[in-house]
Amino acid sequence: MATMGHRVVRSKRGTSETMMNKYRLMSPGPTPIPPEVSAAGALPIIHHRTPEFGEVFTRVNEALKRVFLTENDVFTYAASGTGAFEGAVQNLFSPGDKILVVNNGNFGGRWVKVGKAFGLEVTELKYDWGQKADNDEVAEALANDPEIKAAVCVLSETSTGTVNDIEGFAKAASNVVTIVDAVSGLGACELRTDDWGIDVVVAGSQKALMTPPGLGFVSVSERAMRMHEEAKMPRFYFDWTAAKKAYAKDPAQTAWTPAVSLIIQLDVALRQLLDEGVENVFGRHVLLGRASREGIKGMGLSLFGPDEDLNSAVTAAWVPEGVDGKQLVRMIFREHGIQIAGGQADMAGRIFRIGHCGYFDAFDIIATIAATELALESLDFPVELGKGVGAAQRVFSKSGVTA
């Protein structure tokens, strides 16, 4: 694993020298982990049916509710976010049920695939990547088919950086069970589960929650639990009834063996988020996104997706004409130690993505913009060095942020 590396720097006189680079993880996930969270992962393992672990797990459950902004149960699984949302399909539906899925990116498309894999009849509202969902069309589609039982939308579409209007989505779909994929959005983008009336929210540990990959979460409303009780889909590991029964114990437990060390790490990460304050966390991410977008535009590049403060988890930009997008991402990493992400599926090589959901500050953005400028210059793109950096700096300067 490369935590730092060396690169050869060649001067205009033809001489060269070696420069050390720090490794900076600027992908949309997994994301950087605070040192205290990393250290917690090295603690001796404890048994998951002891009072000591029960104390940690109880604290984590209450903290998750505060981050989800809900009074509903939040179940934790040793799984990725995809595992948790596959579990949501198993728990809510019977084969042949109808659902509506908003698909405006790779992960909206994944919900379509999972629904079909479990024998559901999927009504797909498909949009171009980077385009926001139209909630009027959501309401119309549901009105046209009263047999649809639930509607699904992604909060932050990691593949494009676009954040959907989930408050509007919840209103448009209020007559059915609402499911929101918040894997890259929870803890970065504004999401008010109870206030907005969202029934099911799915998330993962490896993005804004600042914990290694391996934990999946799902918050479940009373309406969703009633639907679950009628559902006939086969299920075992992800069974919400089993989870609820285990959570009712004193102290709370998981139905099956949990990822003990990851939950201990999550405990530390959640305390850091709550010490900062959920509203302050939202504000920090808005600022990071704004600075990233201004830095992109300052370099003379075009944003992929809307230029708005909703897009606070990931910034995506078009690769300029004449530049190899895959080479650009490789160069930013190999020459400058900064790991950003390229595009997915049809956008591979055409866009690049900068993640800023989680443990990020102003200088992470500034360093990434600087490295992108240097890489573009090396690829003979006519960039004015410092212009993008200056644009990002001015965002922070105007906000009063100094670190």
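Colleague: Which helices each supply at least two residues of the lining of the second largest pocket?
Modeller: This is a predicted model, where local features need pLDDT of at least 70 and side-chain atom pairs count only at pLDDT 80 or more, while totals for chains, interfaces and linings use all residues. Residues are numbered from 1 along each chain as its sequence is written, and side-chain values use heavy atoms, without hydrogens or water. A pocket is an open set of points on a 1 Å grid over the protein atoms alone, with protein on both sides within 12 Å along at least five of seven lines, and its lining residues have an atom within 4 Å of a point. With helices taken as DSSP runs of H or I of at least four residues and strands as runs of E of at least two, numbered from the N terminus, those that reach two lining residues are α3 (81-92) and α4 (106-117).

Colleague: Which residues are the closest to the centre of the second largest pocket?
Modeller: About 250 Å³ of space lies in this pocket, a volume being the space filled by probe spheres set on grid points joined across faces, edges and corners. Of the 21 residues that line the second largest pocket, the closest to its centre are F107, T158, V183, Q206 and K207.

Colleague: How many residues of each class are in the lining of the second largest pocket?
Modeller: Its largest share, three residues, comes from α3. If Ala, Val, Leu, Ile, Met, Phe, Trp, Tyr, Cys and Pro count as nonpolar, Asp, Glu, Lys and Arg as charged, and the others, Gly among them, as polar, the lining has seven nonpolar, ten polar and four charged residues.

Colleague: Which element gives the most to the lining of the largest cavity?
Modeller: A cavity is a set of points where a 1.4 Å probe fits but cannot get out, and the largest has a volume of about 120 Å³. Among the 17 residues that line the largest cavity, T76, Y77, T254, A255 and W256 are the closest to its centre, and the lining divides into 13 nonpolar, three polar and one charged. Both β4 (73-78) and α8 (240-247) supply at least two lining residues, but the most, four residues, come from β4.
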